[in-house]
Amino acid sequence: MKQFLLFIGCFLLLQLPGTGQEKNRYSGTYSLSFPQLIQLIETKEKIRIFYPPGELDTLQVLLTVSDLTKIQLLDQLLGKRGWFVAEDTDGSVYLSKGKPVLTQFPGTGQAAIIPKQPELPEKEVLPVENRLITIGDVDKNPAGSTVVLSGYIKAASSGEGLATAEVLAAGKSKTVYTDVYGYYSIVLPRGRYLLKINSAGMQSTQRQVQLNQNGRLDIELQEAIKSLQAVVVTAEKSSVTRSLQVGASRLNIQTIKQVPVIFGETDVLRVVLSLPGVTSVGEASNGFNVRGGTADQNLILLGDATVFNPTHLFGFFSAFHPDLVKQVELYKASIPEKFGGRLSSVLDITLQDGNAKKWTGNAGIGPLTSSLSIGGPIKKEKATLSLGARTSYSNWIMNQLPDKAFRQSRASFYDINLRTAFNLNKKNTLYLTGYLSEDAFRFNRDTSFQYGNRNLNIKWKHQFNALLSGTFTIGTDHYQYQVESATNQVNAFRLRYAINQQFFRSDFNWLLNDKHQLNAGLQSTYYSLQPGNYDPLGTSSLVQPKKLNREQALETAIYLGDQYRINSNLSISAGVRWNLFQHFGPGTEFKYLPGQPKDTTTIIDTLQYRKGETIQRWTAPEWRLSMRYLLTENSSIKASFTTTRQFLHMLSNTVTISPTDIWKLSDQHIRPQEGWQLSAGYYRSFASNKWEASIEVYFKRIANYLDFKSGARLLLNEHLETDLINTRGKAYGAEFLLKKPDGRLNGWFSYTYSRILLKQDDPLAGELINRGNYYPGNADRPHNMNLIANYRFSHRLSLSWNLIFTSGRPITLPIAVFNQGGVTGLIYSDRNEYRIPNYFRSDISFTIEGNHKVNQRFHNAWSVGAYNITARENPYSVYYVQEQGTINGYQLSIFGTIIPFVSYKIKF
Amino acid sequence: MRSSLLYNYLLVFLLSAMACRKPYIAPVQQQPNQFLVVDGLINASPGGVSRFTLSFSKSLGDTTLQYPVNNAELRIEGTDGSIYRLEALNDSGVYISAPLQLSAANNYRLLIRTADNRSYRSAFERVLIAPEIDSIAWEANPDLNFFLYTKDPSNQQQYYRWEFEETYQTTAQNPSFWAVVNGRIVEADATNQTASCWITDPSKELLIGTTTGLSSAVVFKAPLHTISKPDKRLSIRYSMLVRQYAITPEAYRYYRLMKQNSEELGGIFDPLPSQLNGNIQSDSDPEEPVIGYIAVGQTTEKRIFVNNQELDNWPLITTGYDCSVRNVPSNPTDFTIFNYSDPEYGFWYFSSGQPPGLVLSKKLCLDCRLSGGTNQKPSFW
């Protein structure tokens, strides 16, 4: 049987029908067949309804109304379908298609025809925005009690939940935001409210509600279809002034896609780099640095999966398929209690669920990669699938190169994302997320690198009741790399490294009452590291196989947080996250002479631990405190204090992170990295929220920040502690941001002044660095300026432009030459005493979209642009080499020229 | 057009170091950056002479050849209390000991007191005895590559350092059988011939190797040196003397760092430069950087020869001077008398006639020593 799902207006109210409504009035949600509806009305009002059999008999009704008469109800249901509703003086109702039934003779008495204009049916009914929606029975609750309204905010086109949509109760100045699934819950005193709903990229809407009892209101938002008129900015309140978080940034994928990037490939991480407080050590660098932290101090979550290496091609591309990304949130200061395990920041990348209503897709062709993504309902309204893949075709290009060494080289990568969501019922949703990426390189036939991420997790979201929800996630994250070299047959080797983690996370969100919202959870991660397998390659290799002991540990955390709304202006959030990190056997630990630097010469004992025996236990609380005070409707001040700990460390003694860097667990000798951060800011919005501005300042202290002794050996080292030193650090800075979130012209400008200074002054820890004085960390780039601007000339042509200026990265320069045994050597300055020249770059891109007919099957867009339009040769590094006995200095630029690009995208 | 754009992308990608590098002009440095540099080995071979060179480092742009440290007092001290003084050899900062008999049972160190009364000492190091070098091999394809093979039968020595010295024969562009002694032309002998010279140069590369990670202490085909074809060193005959040092893991670490710091920096994935800490310390200021790693040991040596004929058509490369010739009549009384007024010119050969004429050539073309080297044939040649 052909089933119709009928939506009236663009909203859906799910409430039991028939509660507390007047006689012959209809409110609530109706989900039944049309004959059943007719029967219901006929029974209730004791009248007859006449209609021709056929089409209407198979109509399935899904309808939400409030306070309508039967005529209004039927008209709302059928008007759009070209049916007319007429009532005669007896109350009998006549339904007819094409033209109305005349229930009285013309000219005699009143015409009882409901006037009907089929081409404009919506005009007839009161727009949903102006209708009063009554929730619950007015008599059930005493006046003054509080009630909870909850539900989902969804996109009308795809049915997907809209994250961080704003639900504002006007008059009460109470605002809540939806979670990543689009779910919101708001606690309000009983009464009548105007709810205003805003979400980026969506038309804003409002609802009049009479809240009597706890209830549910789901709201669908229409996409802000680009009209030829300027888009009216309707955002009522700027979220940045109202949220409780300090140092949090949120980018949705539309914003990310506008920023011009190298080779025309939308790159999530490069846009994150343009946020205040985020820097990188270089243009082709894996990872990013947040407020002076190292790249490994960022927790990168892709749909709950921890991604250990977020880049492709040694750092030129980020490993996230942009068509699968919904939004990106970066927490720099107040990190929610549910996140832990990293010192500096959390980058939470939310994945796009498949379209719940129809199959859609994107395809893109760029100079180096092709991408494809599809998404749609596996089962209508119940289960969605979203699948994306990207691959490079650089191998083909390399085969065309004239140089033989190139032709014999290989560089390729791919990534695959999978996301499925199953709406089991209104209370239960199940998500399955998978991610696979791989990079392979081969240089000149005999040396090859390969690395890849593999992640899989299942998440169950359960709504216990309107106030309490929980998510339960289990998953596995894996990263591995392999290096093979056969340049010399006797030394030919294969080196393999792998990190695995299995995790279970349970997170609860409990809206206690109007004042308190609690977050709590228990999380556990089991780490298993294979720190190095070194094997001979080929039969003539004399390489002795070497296998470092596997390392394993369990990190368990419980957390509890409370968002407490003291009054309409002041809110605080206080939380604690308690960690227990256990490093356990089997394993071998060395014991060193107490009071002496750890060195191979001071090893006094070797301790063996059995399987499961605890080698080392670290436990401590992390505090998460923040407050917000609304100064006016449009401005606020906030402050936060956050402490963090990190038990998993990446060790890299190169300028950038290389794919072959290793991760190491905290153990008896390597203490957890610890840090605290004090942060405060002033936020304000101007010109009816068309502009947002903020100033944030912070001060940070870091302890047990790992640095290396000179000439440290990191790979295949059983006693890494002898090559590592703990340093202490301090970081401080001020970040200014001016943002225009919407409009013909949109974008942002940010300026950051920041420092990160480290110190190693403990002679027992090994050598002093710079005689124990503070020295700049590698991410110390004091001035940092970013401008990102998008301007829409017309519906189909838009221009994006960005401008980046940063201070040069600190470097250690050679200051003197000496001659030893005929060999010229170099003496270097203090660590990071000098800087490479400043960095400046500007990029531009035009996007030309095909026509915008809404019903067209394919939409296409060309993107044309140029990276580094000033062709400035920005030095990535400065180095000295010995060439025929003389020492020559060079500066290395990675993209030292204009790089034009063209890319083509199809949306279907 | 499109494909060339793609090439550009890839070049940028993979050879970024080559594609976009340009000379860097460092910020001006004011301080002199003079640090003490000690170079040498406490030679534990029976009857071995220990030789040390003391110098100061210089700033990067400084064109002065060397800053020798003269008038210093040097002593070798053993853990048994034995002390051996070193004497200055010349005023270029070189100090040598008498032939010594050091015992492998002791550890030794070097003590230095400079003329301005600053004292330094190296750490006590044990005596390391290098195994014999197995062989030095070469391959020409078409560049000439030298490789070293060695093994320690006792599997003890896992860390090595090598130095080599290359000696090659050159010839004058206009070789003469004659020499002029006290104004008279005489037949040249081995002591005053100027047609053949031998040039000896020390290696300029730091060569280290380790066998750690291998199941036996075998160094297999360690690359020593490469000479690109063509090269004047292979014009006639070439010899390489390789000296093998067994070193401690700490010394290996020091040299590896020194090598990294000067040869391997700047690639995207290359390690950061780091502080070079040897085993010498200033007594007065422990923070003062002192360069050098003083090891104690016995070295082994091996020499090989490569003749031009063994190679595939390596050409004879001459200096390429303008070798114009002048003909002058000889002294009518005694044709062996030579007193030509232009000092740039010398006697090449007699032209036939009665009395014979003298054929002169520029001295640069007659005397190979003017292009470097000695005219004394080395004993090993």
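The legends below describe close-up views of a predicted model.

**Figure 1. The largest cavity and its lining in chain A.** A search of the whole structure finds ten cavities of 30 Å³ or more, and the largest has a volume of about 430 Å³. Its lining comprises 32 residues. Those nearest the centre of this cavity are A:Arg270, A:Leu273, A:Ser280, A:Ile804 and A:Arg841. Several elements of chain A each supply at least two lining residues, among them α5 (268-272), β17 (278-279) and β22 (317-318). Sorted by class, the lining holds 13 nonpolar, 13 polar and six charged residues.

**Figure 2. The disulfide between B:Cys197 and B:Cys368.** Two disulfides are found over all chains. In the one shown here, B:Cys197 is joined to B:Cys368, with an S to S distance of 1.8 Å. The torsion about this S-S bond is about 85°, so the disulfide is right-handed. B:Cys197 belongs to strand β17 (residues 196-202) of chain B, whereas B:Cys368 lies in the segment after α4 (363-366) of chain B; the pair therefore ties together parts that are 171 residues apart in sequence. Both B:Cys197 and B:Cys368 are buried.

**Figure 3. The disulfide between B:Cys323 and B:Cys365.** The sulfur atoms of B:Cys323 and B:Cys365 lie 2.0 Å apart and form a disulfide. Its torsion about the S-S bond is -90°, and the link is left-handed. Distant parts of the chain are linked by this pair: B:Cys323 sits in the loop between β24 (300-307) and β25 (325-329) of chain B, and B:Cys365 sits in helix α4 of chain B, 42 residues apart. B:Cys365 counts as buried because its relative accessibility is 0%. When the bonded cysteines of chain B are numbered in sequence order, the pairing reads 1-4, 2-3.

**Figure 4. The largest nonpolar core and the surroundings of A:Ile499.** This core has 51 residues, of which A:Ile499, A:Leu529, A:Leu648, A:Leu651, A:Trp663 and A:Leu724 touch the most other members. Strand β32 (residues 493-511) of chain A gives the most to the core, with four residues. Neighbours within four places in sequence aside, A:Ile499 is in contact with A:Phe308, A:Asp477, A:His478, A:Tyr479, A:Ser528, A:Leu529, A:Leu648 and A:Trp663. Another core, of 34 residues, lies apart from the largest one; its members include A:Ile827, B:Ile208, B:Ile247 and B:Tyr255.

How values were computed
Residues are numbered from 1 along each chain as its sequence is written. Chains are lettered from A and ligands numbered from 1 in the order in which they are written. This is a predicted model: local features need pLDDT of at least 70, side-chain atom pairs count only at pLDDT 80 or more; totals for chains, interfaces and linings use all residues. Side-chain values use heavy atoms; hydrogens and water are left out. On a 1 Å grid over the protein atoms alone, a cavity is a set of points where a 1.4 Å probe fits but cannot get out, and a pocket is an open set with protein on both sides within 12 Å along at least five of seven lines; lining residues have an atom within 4 Å of a point. Grid points are joined across faces, edges and corners, and a volume is the space filled by probe spheres set on the points. Ala, Val, Leu, Ile, Met, Phe, Trp, Tyr, Cys and Pro count as nonpolar, Asp, Glu, Lys and Arg as charged, and the others, Gly among them, as polar. A disulfide is a pair of cysteine sulfur atoms within 2.5 Å. Buried means under 20% relative accessible area, exposed over 50%, partly exposed in between (1.4 Å probe, protein chains only). A nonpolar core is a set of buried Ala, Val, Leu, Ile, Met, Phe, Trp, Tyr and Cys residues joined through side-chain atoms within 4.5 Å. Contact means heavy atoms within 4.5 Å.
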